[in-house]
Amino acid sequence: MRRSLVYSMCVAEERSAAVFEQLAMPLFDRLYNFAHWLSQNRDEADDLVQETYAKALKGFSSFEPGTNFKAWIFRILRNTFLNSRTGLNAATVPLELQDDDPALPVESATPETILIDRASQRVVQEAIGELPVLYREVLLLCEVEEMSYQEIAASLAIPVGTVMSRLSRARRRLRESVQKKLQRSTP
Amino acid sequence: MSHESWTGKLDAYLDGELESAEMQELDRHLRECPECAAESLRRLQWKRSVHVAGQRYAADPALRERVRKNISRGRSTRVSWRWWPAFAAPMVVLLLLAGAAVLQQNTRRVRNNQIVSELTDLHVGTLASATPVDVVSTDRHTVKPWFEGKIPFSFNVPELQGSPFELVGGRVSYLEQSPGAELIFRIRKHQISVFIYQERSVPTDFPAVQSMDARSFHLETWKQGGLRYFVIGDASPEDLRALSDLLKNAK
């Protein structure tokens, strides 16, 4: 009886690791892209992804089946980044980025939004890379990962309202930054 | 609803975040309002640009293979129990009991070491950081409210008047993906980090109260009111204990 119990536990653990692999490996490219955007460095992104997978496998028993695995593992990656040297420096929030700032005015059609159509991919990438990390992460999770506001809130451990306000500011900043870059490059 | 109100909802609309009734209403508005329709199209093009530009970095295939192998190794290094039927039942029971005891002890030691190591890294990271705290204040009535809404619990900061300790500030810290508070205190020229997490989010096997040394740092830990406290620094064990007592009696 005891033998069969232990045997069952071992088999269950093996199955759990197999389930983890099935869930986690399809997200590898996405996690790597996000890690590189956060750290802005290939070596750090490599370390970040490896550490994320190691931590996630170790803590997989704490993952509640039926909840969002993608949000769960992105949250591990983001927290690992925040505790890294680069993350510790990057996550310091300047006063102007505080979430309780009054809401920004509603965006409207202006020449700069039209200019964006002409923006080359490189200019947009450069501008994303220059965003403060708190804006960069929320923008990437929304636009690249196409997560819902709820999923983003779970990944970043912030309220949905904060997701919305950061996203709005991130978009505005990015648009302004792209506009400036395009103006500089146009004689 | 006014034209301006609809413009304000365009992003949420394009993100698919509006309630279905509102979504349908905005759909109708877009069919009737060329200005909003044009703005909606611009924002959609913008979203597409960011979506494409954001898919910038590709991992080295060797890294993917390394990660995959690490997961597989984690599976294959687990002990295989399939040969056990060859043993007599009493021997199996004995081995199991002995093995379980050793395993439990080792697991506990390994886990405790991992947590201490992670906390030491966090403390060293704080010492090395150019911006060691996110809220800079010597006033406990400033530091405590700063954490509200940033971590899922509340805690008391001690009154330091008359003690040799000085509060430097605080920051949000993560231990095993769980958010918690890090308070930084100074005594003479030593900095001490106090980490506070919910006991249930960082389950540990430390005894209720324990003192230990890790990489030349001293550490005090205890649980109180559903929270787990870790006090770590290179100040003397007596200083750490004195700070711990202040924290335990904080109101």
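This is a predicted model: local features need pLDDT of at least 70, side-chain atom pairs count only at pLDDT 80 or more; totals for chains, interfaces and linings use all residues.
From helix 2 of chain A, pick Leu31(A), Phe34(A), Ala35(A), Leu38(A) and Ser39(A); across from them in helix 4 of chain A are Ile73(A), Phe74(A), Leu77(A) and Phe81(A). Colour this contact by class and you will find eight nonpolar residues, one polar and no charged ones.

Next, move to chain B, with its eight helices and seven strands. Of its 251 residues, 26% count as buried.

Select strand 7 (residues 227–233) of chain B: seven of its seven residues are buried. Which residues lie on each face of this strand? Leu227(B), Tyr229(B), Val231(B) and Gly233(B) are on one side, with Arg228(B), Phe230(B) and Ile232(B) on the other.

Then bring in the strands that pair with strand 7 of chain B. Strand 4 (residues 190–198) of chain B runs antiparallel to strand 7 and is joined to it by seven bridges; look for Gln198(B) opposite Leu227(B). Strand 6 (residues 217–224) of chain B also pairs with strand 7 in the antiparallel sense, over seven bridges, and here Glu220(B) has Val231(B) as its bridge partner.

Finish at the hairpin formed by strands 6 and 7 of chain B, which has two residues between the strands. Click on Gly225(B) in the turn: its phi is positive, at about 55°.

Definitions and conventions: Residues are numbered from 1 along each chain as its sequence is written. Chains are lettered from A and ligands numbered from 1 in the order in which they are written. Two residues are in contact if their C-beta atoms, placed from the backbone, lie within 7 Å. Helices (H or I, at least four residues) and strands (E, at least two) are DSSP runs, numbered from the N terminus. Ala, Val, Leu, Ile, Met, Phe, Trp, Tyr, Cys and Pro count as nonpolar, Asp, Glu, Lys and Arg as charged, and the others, Gly among them, as polar. A residue is buried if 20 or more other C-beta atoms lie within 10 Å of its own, exposed if 12 or fewer, and partly exposed in between; C-beta atoms are placed from the backbone. Two strands pair if DSSP finds at least two bridges between them.
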